[in-house]
Amino acid sequence: MIDFKKFEKYSRPGPRYTSYPTAPEFNESFTENDLISYYKNQDSSRALSLYIHIPFCRSACYFCGCNVIFTSKEDKKVRYLDYLQKELNIIKKHLDVNREITQMHFGGGTPTFLEANQLEMVLEMIKETFPNFSKSAEISCEVDPRFFNQEHMNVLKKHGCNRLSFGVQDLNEDVQKVIHRIQPYETTQNVMQIARNAGIKSINIDLIYGLPLQTKESFHQTIEKIIKLNPDRLAVFNYAHVPWMKKTMRKFDESTFSPPSEKLEILQDTISFFTQNGYKMVGMDHFAKPEDELFKAIEKGELHRNFQGYTTKGGADLIGIGVTSIGDGVDYYAQNFKDLKTYEDAIDQGKLPVFKGYKLNLDDQIRQFVIMELMSNFSLNIPRVENKFGIVFNDYFKDDLKNLDEFVEAELLKIDKDKIQVLNTGTMLIRNIVMPFDAYLKKQPENKRKFSKTI
Ligand SMILES: C[S@@+](CC[C@H](N)C(=O)[O-])C[C@H]1O[C@@H](n2cnc3c(N)ncnc32)[C@H](O)[C@@H]1O
Ligand code: SF4
């Protein structure tokens, strides 16, 4: 039995590293011209991955940290589709759209809050803009089970969708009430059935631990019921509480949150439950069946981390489409405007609606590689970093490595000549373990850090 109390000291604000440098480093000195020149100069033999953001939701889940617009107005959705088409027309002018597409992901908000025929319009405009979809392209969509029907499924299937991700979060009725998301188990069961009947082979379910009123026992009951649905993958996110950024989170009574030691117990219970039931842990918050590509990717050392979590498809340049979406290439990040008005204004002027971004220097790229490797594979092959970047690892990271000593002493990490290996309990503290490699975090005093807590 691990004494989790001793790890409470690691409950500190820290990034989730869906990017490095992290989003607070993105800045407005990155302009549309920068993005155009990245698009023009990109190696066109590299594949493309598309992310399309559909921001709308009907009502607020109070825990939600996503970029969302709450509406029930039909004309808002119609108008948005019009702007997506215009944005695609602008992208077409600057980017070689004949490059192979290996991945396309619809995120939100709630893409299926669009009517099925609207979703079809988006799919058609994307395919018209990007004609070269790979036969094995991974096409996925985030789905709120409360807004999903057979018509949505038919449209997605017709356009080659092969992965769905259903948001569930928690099945306990009291928790559902307090998070303002009532979603009966039967609703999730029904949509799973629709997806399975349509032949979707990869279905993910999102859960969150650390929500108000959750306990180890109540969350265990949730995962017991979830496993009966037989998902292929699970994402079990640590609730990111950032009430200074998201007003609805202020509705929670913080005294109803589990203390960090209980959160670690919940996580440990979740890990042992899913691993005992045939799933493998993938990165810090995912689980997959051994036959799932995500797991196979770990064995091949090909797991990558990006804005959508973990993926098997690295080596592609990501194009963000829609309000607030983020794209990236080998050495840049670019984010679209976050509010509809400025997004539309830019498009009306015939511009790519890029709001800010980041150009990575060599040091950023080295640190990005190290952080993402550890976040994905829980180990780092030191000679690989040295060969890739022409550095002597121990010299380059001399000061940062000193900050890992405490993790080595706590038996969370092992470092030898050729390898850094995160040990079992250390995987639960991976955000803390990679933080010493973050050059920007050091520059900020801890009380100024605007990140959620690592535990
Ligand atoms: C865009 S939503 C998924 C699709 C759909 N909107 C839904 O809720 O079913 C993305 C996922 O992010 C996760 N999420 C949202 N806010 C979060 C937070 N503050 N902390 C941790 N995970 C969060 C939830 O698990 C959610 O399912
Ligand atoms: S969790 Fe999903 S449905 Fe709920 S507000 Fe966020 S994006 Fe919308």
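This is a predicted model: local features need pLDDT of at least 70, side-chain atom pairs count only at pLDDT 80 or more; totals for chains, interfaces and linings use all residues.
Figure 1. The residues of the shell around ligand 2 comprise six nonpolar, two polar and three charged residues. Cysteines C57, C61 and C64 belong to the set of residues around ligand 2. The set also includes F63, V68 and F70, together with G109 and T110. D144, R146 and R181 complete the residues around this ligand.

**Figure 2. Contacts between nitrogen atoms of ligand 1 and polar backbone atoms of the protein.** A polar backbone atom of F63 lies 2.8 Å from a nitrogen atom of ligand 1. For A240, the distance from a polar backbone atom to a nitrogen atom of the ligand is 2.9 Å. For G109, the corresponding distance between a polar backbone atom and a nitrogen atom of ligand 1 is 3.0 Å. On its own, ligand 1 has 560 Å² of accessible area, and the protein covers 90% of that area.

Figure 3. G109 is located in the loop between β4 (101-108) and α3 (116-129). G109 is also one of the residues around ligand 2, and a polar backbone atom of G109 is 3.0 Å from a nitrogen atom of ligand 1.

**Figure 4. Further backbone features, at P21 and L213.** Most residues other than glycine have a negative phi, and most peptide bonds are trans. The peptide bond from Y20 to P21 is cis, with omega near -10 degrees. P21 is placed in the segment before α1 (32-41). L213 is not a glycine, yet its phi is positive, at about 70 degrees. This leucine, L213, is found in the loop between β7 and α7 (216-227).

**Figure 5. Packing of helices α11 and α12.** Two packed helices are described by the angle between their axes and the distance between the axes. The axes of α11 (residues 362-377) and α12 (residues 382-389) come within 11 Å and cross at roughly 155 degrees. Because angles over 145 degrees count as roughly antiparallel, α11 is roughly antiparallel to α12. The crossing of α11 and α12 is right-handed.

Note on methods: Residues are numbered from 1 along each chain as its sequence is written. Chains are lettered from A and ligands numbered from 1 in the order in which they are written. Side-chain values use heavy atoms; hydrogens and water are left out. A residue is near a molecule or strand if one of its heavy atoms lies within 4 Å of it. Ala, Val, Leu, Ile, Met, Phe, Trp, Tyr, Cys and Pro count as nonpolar, Asp, Glu, Lys and Arg as charged, and the others, Gly among them, as polar. A polar contact is a pair of N or O atoms within 3.5 Å; within protein, one must be able to donate a hydrogen and the other to accept it, and residues adjacent in sequence count only if both atoms are side-chain atoms. Accessible areas come from the Shrake-Rupley method with a 1.4 Å probe; for residues, only the protein chains shown count as cover. Axes are lines fitted to C-alpha atoms, for helices over the stretch in contact, and angles run from 0 to 180 degrees between N-to-C directions. Helices (H or I, at least four residues) and strands (E, at least two) are DSSP runs, numbered from the N terminus. Angles under 35 degrees count as roughly parallel, over 145 as roughly antiparallel, 65 to 115 as roughly perpendicular and the rest as oblique. A crossing is left-handed if the near helix is turned anticlockwise from the far one by less than a right angle, and right-handed if clockwise.
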